[in-house]
Amino acid sequence: SSSFLWYSFEAGPAHVIVLCSYAATGPGSSQFEWLTRDLAKVDRAKTPWLIVMQHTPWYTSNAHHPMTEGAPMRAAMEPLFLGAGVDLVLTGHVHAYERTHAVADGKIDEKNGIVHVTIGDGGNREEFATPWLPDQPAWSALREYAYGWGTLALNSTHLVWEWLRNDDPWNPPGERVGDSFVLTPRAHRK
């Protein structure tokens with residue numbers, strides 16, 4: 001792109017898009033128009049995976065950082081993501097870990113939805129973003145306060161995500177793997 005705030009690149013079988021949560025995102029904005037053009041150029045035969053990274057999550061059940069923070073961006077861009085078949089969205093911002101089921105427009109949709117992973121749990125002097133909402137939404141698959149990191153491995157047919165907790169006093173002893181899942185590209189889901 002013409003901006004260092006949003007861009008894309010290809011990494012093996014993945015087309016990766018990086019967006020800026022703090023720049024204009026609505027129709028007519030430079031970022032929105034660039035995203036529309038970039039998504040139109042994706043060749044899913046060459047890169048069957050479409051992954052987006054951005055700072056602010058659209059789906060979070062954290063009360064300290066509510067969904068309203070990412071709502072304008074989600075309203076503008078989620079239809080583009082769904083139309084293009086985005087498979088995975090990785091975010092930070094919330095100092096905790098949360099993964100959604102495949103979700104579209106606030107509802108679980110295993111065929112057409114997108115899995116969102118908030119991995120803002122690398123550690124911070126402010127500690128964890130607390131509290132969670134008292135009732136965990138149906139689209140929220142897992143949420144946890146623990147410091148950790150994630151690994152992502154993929155080939156043309158499968159993506160494997162694993163979230164690992166740090167070895168520290170906040171985490172249960174001996175329970176390093178906190179979450180894992182396997183995806184197939186959205187184009188191959190039934």
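**Entry 1: L133.** I looked up L133 and found a relative accessible area of 35%, so L133 counts as partly exposed (buried is under 20%, exposed over 50%, partly exposed in between, with a 1.4 Å probe and protein chains only). The model is predicted: local features need pLDDT of at least 70, side-chain atom pairs count only at pLDDT 80 or more, and totals for chains, interfaces and linings use all residues. Residues are numbered from 1 along each chain as its sequence is written, and side-chain values use heavy atoms, with hydrogens and water left out.

I placed L133 in the loop between β8 and β9; strands are DSSP runs of E, at least two residues, and helices are runs of H or I, at least four, numbered from the N terminus. Setting aside neighbours within four places in sequence, I list S61, A63 and R143 as contacts of L133 (heavy atoms within 4.5 Å).

**Entry 2: aromatic pairs.** I noted 7 aromatic pairs in the structure. Rings of Phe, Tyr and Trp (its six-membered ring) pair if their centres lie within 6.5 Å; planes under 30 degrees apart are stacked, over 60 edge-to-face, the rest tilted. For Y59 and W139 the centres are 5.3 Å apart and the planes are at 70°, so I logged the pair as edge-to-face. Y59 is in the loop between β3 (49-53) and α2 (71-84), and W139 is in the loop between β8 (115-119) and β9 (140-144), 80 residues apart. Both Y59 and W139 are buried. I also found one aromatic cluster formed by F128, W132, Y145 and Y147.

**Entry 3: α2.** I read 14 residues for α2 and 20 Å from first C-alpha to last, close to the expected 20 Å (1.5 Å times one less than the number of residues). The helix bends by about 45° at M77, with P79 following within four residues; the bend is the angle between axes fitted to the seven residues ending there and the seven starting there. Buried residues of α2 include M73, M77 and F81. The buried residues of α2 pack against α1 (30-41), β3, β4 (88-91) and β6 (103-104). After α2 comes G85, with a positive phi near 80°.

**Entry 4: sheet.** I traced an open antiparallel sheet of 3 strands, ordered β10-β11-β12; two strands pair if DSSP finds at least two bridges between them. β10 (148-154) and β12 (177-183) are the edges, each with a single partner strand, so one side of each has no neighbour in the sheet. β11 (residues 159-165) pairs with β12 over 6 bridges, and E162 has S180 in β12 as its bridge partner.
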